[in-house]
Amino acid sequence: MQLWQLLVVVCAWWWWSVLIFTTWTGGQVQGANTTLRIGALFAYNTSIGNEARTAVTLAVQDVNANDTILKDIKLEIRTSDSNCTSFQGAAAAVDMLKTNVVAIVGPQTSEVAQFTADLASATQVPLVSFSATDPSLTEGSNHYFVRTVHNDAVQMAAIAAVIELYGWREVTAISTNDYVGVNSIDALSDSLQLVGATLGFKTLISPDVEKKDMIPVMTELSLLESRVFVVHVQPRIARMFFSTARSMAMMTTGCVWILSEATTGLLDDLPSTDSIWASLQGVIGVRAYVPSTPELDSFHARFKQYMQSSATSSPLSNRAVMNLYGLYAYDAVWMVAHAIENFVNQGGNFSFIPRPPIADDAGGTTEIASLKILEEGATFMEQLKSTQFEGLSGPIGLNKFGDVEHTDYEIVNIFGTAQRVVGYWNNETGFSQDPFVFNSSAPPSPNGPPTRRAAEPPPPKLQDVIWPGGTAQVPKGWVVPKNGKPLLIGVPYKVGYREFVDINPNRTMFHGFCIEVFQAALTFLPYSVSYKFEVYGNGTSTPNYDDLVEEIVNKRYDAVVGDVTITTKRSKTVDFTQPYSASGLVVVVPTKSGGSNHAWAFMRPFTPLMWCTTGLFFLFTGLALWILEHKKNRDFRGRPKKQLVTTLWFIFSTLFFSQREKIKSTLGRAVLIIWLFVVLIVTSSYTASLTSILTVQQLFPTIQGIAGLVTSNVAIGYQAGSFVAEYLQQLNVPKERLVPLGTMSEYADALQKGLVGAIVDELPYVQVFLSSECAFMIAGQEFTKSGWGFEFDKSGWGFAFPKGSQLAVDMSTAILALAENGDLQKIHDYWLNAHDCTSPGLVVDPNDNELGLNTFWGLFLITGTASIFCVVLYYSRLIWQHHKTYRDEEFSESETLSSRASRGRSFLRSLVSFIEEAEVAATVARADASANNSQRKHRDRRRSRSSFGDERVGSGRSDIPDHHEHPDHASDRHNNVVDRNSVL
């Protein structure tokens with residue numbers, strides 16, 4: 001073989017080897033000046049697609065020009081037109097994957113993403129979308145799909161927060177009939193439930209809708225009572241939609257329109273002369289918050305210069321800033337670049353391997369079957385999800401589902417030709433009037449994006465909003481529908497109690513207390529309401545009220561008017577107004593004559609505790625008087641038995657103010673005067689109560705309240721159709737004991753004949769029943785609210801409306817106005833006070849005539865305190881006197897005590913002796929003084945008689961001594977000796 005032939009063979013082998021190797025690795029060789037190919041799917045005929053295409057081009061230029069990232073690798077972008085259709089988008093993705101791209105920026109729409117996500121999973125090539133917002137894309141098996149745009153579920157949570165902030169209860173949603181529209185509205189419904197609101201109605205619009213098709217849609221919306229509308233459509237549809245709404249007077253006062261980011265994110269692309277601005281006045285919306293940074297300002301300047309220098313004409317030529325989706329696309333390229341950098345630095349290699357063979361009859365010969373697999377695609381995908389950096393749209397970081405973690409939104413209000421920011425929202429901190437400040441200096445979190453901090457604590461409210469119609473007053477979000485269809489109101493048709501709801505036999509006339517209250521409340525509404533009553537029940541038996549309320553949930557009735565009790569169970573499915581009549585359960589039983597003629601009737605004026613307390617205070621006061629008197633007063637001295645009898649006789653004699661013994665001490669007199677005052681009050685109260693018991697006829701219930709009824713085994717009657725049966729069963733009353741009754745006559749017959757021992761019913765019914773039936777009475781107290789395991793929401797009767805109905809709120813306000821001006825009481829008196837039972841003594845509780853300790857505890861406190869104080873003062877004075885005497889004697893003693901204990905014992909013995917001696921000394925001194933006074937008087941009388949005798953017989957007789965003592969004088973001396981001995 002010649003030399004030149006050998007050279008040809010060597011060259012051919014070398015080129016063949018290179019070709020084989022590059023085919024195996026897809027041309028993605030990592031080394032010096034390696035080029036990696038990434039793809040991008042846009043819809044060229046849309047504003048989002050054009051702007052995103054420009055953003056991706058600028059991003060690739062910036063990445064390749066940046067020396068700090070991908071130093072030895074250059075990115076090459078390959079774009080393709082998906083045309084917003086699933087078929088063309090899938091075809092473009094297949095064509096792009098055949099070129100062995102390592103990642104695809106896009107697709108632009110959620111419909112295309114649903115198809116291409118499966119291709120990405122099959123080839124393990126990641127998709128990084130910048131505008132596909134369908135919440136379902138990151139659910140399920142789309143493991144190779146991530147996005148830099150917010151999931152629509154996040155912005156729907158922001159919209160729900162706005163609705164909660166203003167207190168709206170029902171919302172109507174309008175969206176396109178496609179993946180993103182349907183799934184996003186479902187996410188809105190979930191978010192509304194979390195804030196206590198409901199999605200009352202939703203309208204789906206075809207993506208290909210024309211303006212003429214908007215009129216039927218708007219007509220349907222105008223017939224709804226809800227006036228809070230959430231619009232989630234593209235700008236092209238929004239233009240037609242709001243233009244039609246404006247022409248049909250749906251952009252006036254009272255309406256609320258909320259736009260999603262699908263429209264608000266692109267409004268800045270429109271010139272101020274665009275007609276859409278005039279149709280959007282007063283609309284509020286949400287859009288992602290993009291913090292203003294020097295990098296963003298520099299990029300906008302380069303973007304404007306790039307567009308102005310572009311040789312091709314473009315609708316973006318006059319744009320000064322890029323919209324949100326362009327920023328998301330720019331950040332998507334940088335996310336891919338950062339992921340490639342981290343992947344290569346960790347030794348990763350972008351190599352493609354053939355797919356396992358597929359049978360020909362299973363599509364093995366198609367282009368899709370020939371697509372290669374990125375061998376380390378799973379590792380590259382993990383690097384992509386863990387990438388964190390500061391992008392132009394804010395901090396970029398993905399959660400485990402592939403969605404952006406930061407959730408900062410702006411609340412905008414369209415006024416004039418601009419979107420005015422009125423506040424900010426974050427799913428963690430709620431609303432704020434100040435923007436969030438991102439702390440770029442903080443180290444990146446391993447589990448999320450860079451940390452953020454708020455500039456100041458967020459205020460609780462947004463700035464003032466200009467609503468449709470140019471008003472600053474927050475709309476109610478609800479109006480009476482102008483569709484000519486009156487509200488259909490269910491009214492219970494029951495057998496008895498026509499005072500509350502009275503329906504004529506033809507079922508055309510409705511009267512009664514409940515009906516008149518409802519009609520009177522309607523006059524206080526700021527708008528007119530047309531309504532129509534419909535009978536519920538056959539009139540021969542009482543209908544079940546729970547079933548009646550459930551008809552509102554079933555959409556049969558728009559409201560229920562009647563004697564409907566507000567309970568927790570019913571409040572879970574409907575909304576009630578404020579109660580217009582108080583209600584509680586009571587027990588009705590036959591009466592029995594009071595036993596005022598029995599042997600122990602005199603004990604009834606006081607309760608047992610009162611009797612015991614009174615007796616104890618008699619003994620206590622007697623003890624206090626004995627302590628204060630027995631050392632000074634001869635009446636309280638003597639043998640112990642005599643002292644006890646005297647003390648008891650004295651203290652119990654105070655009941656009749658007939659005590660004979662005299663109280664000599666000042667402290668004793670103070671105790672006695674207070675005690676006599678207490679005795680006077682107690683005896684007077686006892687006399688009055690006993691007189692009432694013995695002279696007035698008393699009626700008492702046969703069963704003492706609900707507690708005794710539950711523990712007994714008597715049959716219990718209740719009003720058929722009410723909740724009472726369920727309530728009694730909760731109290732463990734067997735169902736066999738419950739007897740349903742329908743009318744007042746059935747109530748009376750059942751009680752008189754002994755068919756039931758008691759009837760449990762609501763207080764308004766019982767009051768009407770007892771107004772004409774005097775042989776029965778209420779036993780015990782009213783029981784509701786708590787204490788027996790049964791809960792009432794508002795404890796009364798109310799009108800029922802659907803959940804979230806604004807009419808329930810307005811009717812509550814009207815009922816309060818009725819109550820304030822007295823009309824509600826007038827209606828009550830007219831319908832419910834027609835009869836008056838003249839039966840004597842309707843007693844609620846048989847113990848009402850008994851006087852208890854709670855009536856007199858203040859008096860007992862006063863007399864007890866006075867007695868204790870006087871006794872303490874008495875002993876304190878004696879102890880102080882002994883202290884002075886003992887101290888003087890201690891210094892005069894010649895011998896000292898050996899220890900402190902012996903000195904203490906000596907002090908106590910001396911104290912006891914001192915008390916006895918002090919009392920004796922005082923008594924003896926008084927006796928001696930009395931004797932001396934008596935002797936002095938006798939001597940004076942004798943001296944006077946002697947002087948008189950001298951004058952009669954002469955002066956010599958005055959010198960004769962008197963050797964005989966006068967008898968009176970001897971008697972006085974004897975008495976003095978006896979007094980001293982008795983004291984000793």
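Contact here means heavy atoms within 4.5 Å. Helices (H or I, at least four residues) and strands (E, at least two) are DSSP runs, numbered from the N terminus. The model is a predicted one, in which local features need pLDDT of at least 70, side-chain atom pairs count only at pLDDT 80 or more, and totals for chains, interfaces and linings use all residues. Residues are numbered from 1 along each chain as its sequence is written, and side-chain values use heavy atoms, with hydrogens and water left out.

Two helix pairs were examined. Axes are lines fitted to C-alpha atoms, for helices over the stretch in contact, with angles from 0 to 180 degrees between N-to-C directions. Helices α2 and α11 (residues 294-309) pack at about 115 degrees, their axes 12 Å apart. The two are therefore roughly perpendicular (65 to 115 degrees; under 35 is roughly parallel, over 145 roughly antiparallel, the rest oblique). Their crossing is right-handed, that is, the near helix is turned clockwise from the far one by less than a right angle. Thr54, Thr57, Leu58 and Asp62 of α2 meet Phe299, Arg302, Phe303, Tyr306 and Met307 of α11. This contact has five nonpolar, two polar and two charged residues. Ala, Val, Leu, Ile, Met, Phe, Trp, Tyr, Cys and Pro count as nonpolar, Asp, Glu, Lys and Arg as charged, and the others, Gly among them, as polar.

The axes of α12 (residues 324-345) and α13 (residues 377-385) come within 8 Å and cross at roughly 120 degrees. That makes α12 oblique to α13. This crossing is also right-handed. In α12, Met335, Val336, Ala339, Ile340, Asn342 and Phe343 meet Thr379, Phe380, Gln383 and Leu384 of α13. The contact has seven nonpolar, three polar and no charged residues.

On a 1 Å grid over the protein atoms alone, a pocket is an open set of points where a 1.4 Å probe fits, with protein on both sides within 12 Å along at least five of seven lines; lining residues have an atom within 4 Å of a point. The largest pocket has a volume of about 1,000 Å³. Of its 39 lining residues, Thr46, Ile48, Cys84, Gln234 and Pro235 are closest to the centre. The lining has 14 nonpolar, 15 polar and ten charged residues.

The second largest pocket holds about 860 Å³. Among its 30 lining residues, Glu170, Glu225, Lys555, Asp558 and Pro802 lie nearest the centre. Strand β7 (198-205) is one of the elements giving two or more residues, and gives the most, with four.

Definitions and conventions: Grid points are joined across faces, edges and corners, and a volume is the space filled by probe spheres set on the points.
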